[in-house]
Amino acid sequence: MERKQSNAHSTFADINEVEDEAEQELQQQENNNNKRFSGNRGPNRGKQRPFRGFSRQVSLETGFSVLNRESRERDDKKSLPRSGRSFGGFESGGIINGGDGRKTDFSMFRTKSTLSKQKSLLPSIIRERDIENSLRTEDGETKDDSINENVSAGRYFAALRGPELDEVKDNEDILLPKEEQWPFLLRFPIGCFGICLGLSSQAVLWLALAKSPATNFLHITPLINLVVWLFSLVVLVSVSFTYILKCIFYFEAVKREYFHPVRVNFFFAPWVVCMFLAISVPPMFSPNRKYLHPAIWCVFMGPYFFLELKIYGQWLSGGKRRLCKVANPSSHLSVVGNFVGAILASKVGWDEVAKFLWAVGFAHYLVVFVTLYQRLPTSEALPKELHPVYSMFIAAPSAASIAWNTIYGQFDGCSRTCFFIALFLYISLVARINFFTGFKFSVAWWSYTFPMTTASVATIKYAEAVPGYPSRALALTLSFISTAMVCVLFVSTLLHAFVWQTLFPNDLAIAITKRKLTREKKPFKRAYDLKRWTKQALAKKISAEKDFEAEEESHH
């Protein structure tokens with residue numbers, strides 16, 4: 001009976017679940033198992049081992065079953081609800097609306113001003129302490145510190161997808177609830193300046209159509225340029241005022257847009273728009289002035305120049321935001337402003353400054369162009385979806401062609417070289433028109449109209465230098481395409497804004513965590529530990545049975 005009892009007990013193995021990197025507990029457990037199995041062969045073999053709770057004992061069959069179940073869970077990637085509730089303890093901390101009807105607190109993206117901290121010091125300390133405690137693991141380490149630190153560029157590529165990196169991947173969680181509509185300022189992206197880019201470039205186009213000798217047979221009135229210019233100015237003031245409010249109230253969200261590898265390039269857009277408006281100022285506002293005032297160039301090009309020093313320095317320093325890591329088609333926005341600034345510098349009479357900006361812009365355009373064409377193995381993979389964002393390739397060579405013509409007063413070999421590069425890229429994109437279908441509308445689409453408009457202006461300049469029906473037909477065709485595209489986008493914007501009310505959805509891209517939550521990795525580690533324990537227990541069980549059989553044969 002004693003042998004049977006011992007044999008019955010030997011069908012179970014103590015495979016207590018171990019925490020990560022608990023080597024001391026593992027060694028202690030192995031020693032206990034060795035003592036227990038060696039005790040069956042000693043003089044106290046007949047004594048019944050003390051009963052251990054069912055939670056401390058798992059049969060081998062059950063262990064293998066649990067292991068298989070966790071393996072299946074590992075293979076089946078389940079998407080997170082992206083509601084913000086699975087992120088740490090925001091729900092327990094009272095920030096995310098649970099079932100108590102409390103509203104969501106968006107203070108994590110609000111501007112951290114000293115005055116607000118003094119007014120609500122105690123509630124802030126309690127709230128931050130609750131968040132910190134809820135985010136801590138059992139080892140005392142925080143799961144995620146994305147609230148207090150900046151998000152790396154690689155993290156955006158890892159967590160987001162889509163042509164503008166504005167869609168969260170299914171296996172990622174966000175800091176804010178997806179089901180609830182966020183405040184308007186949080187949903188207002190920097191990409192809205194793309195609307196201003198499209199409209200202001202149209203003002204340049206219609207001024208060129210009205211003044212160019214190549215299109216004087218059309219008898220286009222300058223009033224069209226006046227109307228488009230005034231409308232562009234109103235839109236620029238409205239968008240700028242709204243985004244300034246976002247900077248005031250939600251500066252943390254603005255910081256996240258600045259560190260976004262795509263949206264950081266749109267911080268150049270407001271200054272490019274201002275320079276477009278300065279270049280296309282209606283003749284009735286300055287009928288007898290040959291040059292604009294130099295202060296206009298200083299006000300508009302100054303912030304752009306300091307911002308590009310920062311961005312180009314990151315590209316050159318070879319850090320985490322080097323060009324091969326963050327290069328994308330929207331990077332041309334940080335280059336094309338040099339050519340627009342060169343045109344404006346020539347308009348104010350500073351030709352040497354214009355030549356300097358042209359040289360800087362062309363050098364960096366070549367670097368960006370080659371980087372995007374090569375797709376270096378060390379660079380972050382660009383989204384697979386093709387999109388009108390690739391029309392950015394047309395903007396820089398077209399603007400370079402116009403700038404060279406403005407500086408030197410003739411459409412010579414350099415201008416034509418840049419123009420032909422832009423024309424070839426334009427044709428290559430038009431030939432792949434099916435690549436531009438199947439994507440949802442967003443305000444960022446507006447920024448893809450100004451490259452087409454810039455190419456149209458460059459074609460008009462080419463038609464002036466090379467008069468003839470083919471050049472004029474090409475200029476009119478490209479001008480019609482760009483104007484039609486702007487009209488289509490304008491109607492679409494009105495429909496999405498006022499009819500369907502889907503123009504500004506929740507901006508999920510700015511609410512990603514700083515690093516991926518480690519909660520999904522625990523089942524894998526647990527399965528690995530369970531597998532290791534099961535193998536050890538199985539080996540010890542077989543060894544014990546062999547010793548038992550050998551001892552039983554010796555008795556016979």
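## Helices H13 and H14

In this predicted model, Val335, Asn338, Phe339, Gly341, Ala342, Ala345 and Ser346 of H13 meet Asp351, Val353, Ala354, Leu357, Trp358, Val360, Gly361, Phe362, His364, Tyr365 and Val368 of H14, where contact means heavy atoms within 4.5 Å. By class, this contact of H13 with H14 has 12 nonpolar, five polar and one charged residues (Ala, Val, Leu, Ile, Met, Phe, Trp, Tyr, Cys and Pro count as nonpolar, Asp, Glu, Lys and Arg as charged, and the others, Gly among them, as polar). Helices (H or I, at least four residues) and strands (E, at least two) are DSSP runs, numbered from the N terminus.

The axes of H13 (residues 333-347) and H14 (residues 351-374) come within 8 Å and cross at roughly 165 degrees; axes are lines fitted to C-alpha atoms, for helices over the stretch in contact, and angles run from 0 to 180 degrees between N-to-C directions. H13 and H14 are therefore roughly antiparallel to each other (angles under 35 degrees count as roughly parallel, over 145 as roughly antiparallel, 65 to 115 as roughly perpendicular and the rest as oblique). The crossing of H13 and H14 is left-handed, a term used if the near helix is turned anticlockwise from the far one by less than a right angle, with right-handed used if clockwise.

Glu308, which lies in helix H11 (residues 294-317), is buried at 2% relative accessibility (buried means under 20% relative accessible area, exposed over 50%, partly exposed in between, with a 1.4 Å probe and protein chains only). Apart from neighbours within four places in sequence, Glu308 is in contact with Phe268, Gly313, Ser334 and Asn338. Glu308 and Asn338 are 30 residues apart in sequence, and their C-alpha atoms are 9.4 Å apart in space.

## Helices H7 and H10

Helix H7 (residues 193-211) packs with helix H10 (residues 269-279) at an angle of about 20 degrees, their axes being 9 Å apart, and the two helices are therefore roughly parallel to each other. Their contact is made by Phe193, Cys196, Leu197, Ser200, Ser201, Val204 and Leu207 of H7 and by Ala269, Pro270, Val272, Val273, Phe276, Leu277 and Ile279 of H10. By class, the contact of H7 with H10 has 12 nonpolar, two polar and no charged residues. The crossing of H7 and H10 is left-handed.

Ser447 sits in the loop between helix H16 (413-430) and helix H17 (450-465) and is buried, with a relative accessible area of 0%.

## Positive phi in two loops

Leu165, in the loop between strand E3 (160-161) and strand E4 (167-168), has a positive phi near 50 degrees although it is a residue other than glycine, and it is buried at 3% relative accessibility. His219, in the loop between H7 and helix H8 (223-249), likewise has a positive phi, of about 55 degrees, but His219 is exposed, with a relative accessible area of 70%.

## The chain and its basis

The chain has 19 helices and four strands, and buried residues make up 46% of its 556 residues. Among contacts in the chain with a separation of 6 or more, 82% are between residues 24 or more positions apart.

Residues are numbered from 1 along each chain as its sequence is written, and side-chain values use heavy atoms, with hydrogens and water left out. In this predicted model, local features need pLDDT of at least 70 and side-chain atom pairs count only at pLDDT 80 or more, whereas totals for chains, interfaces and linings use all residues.
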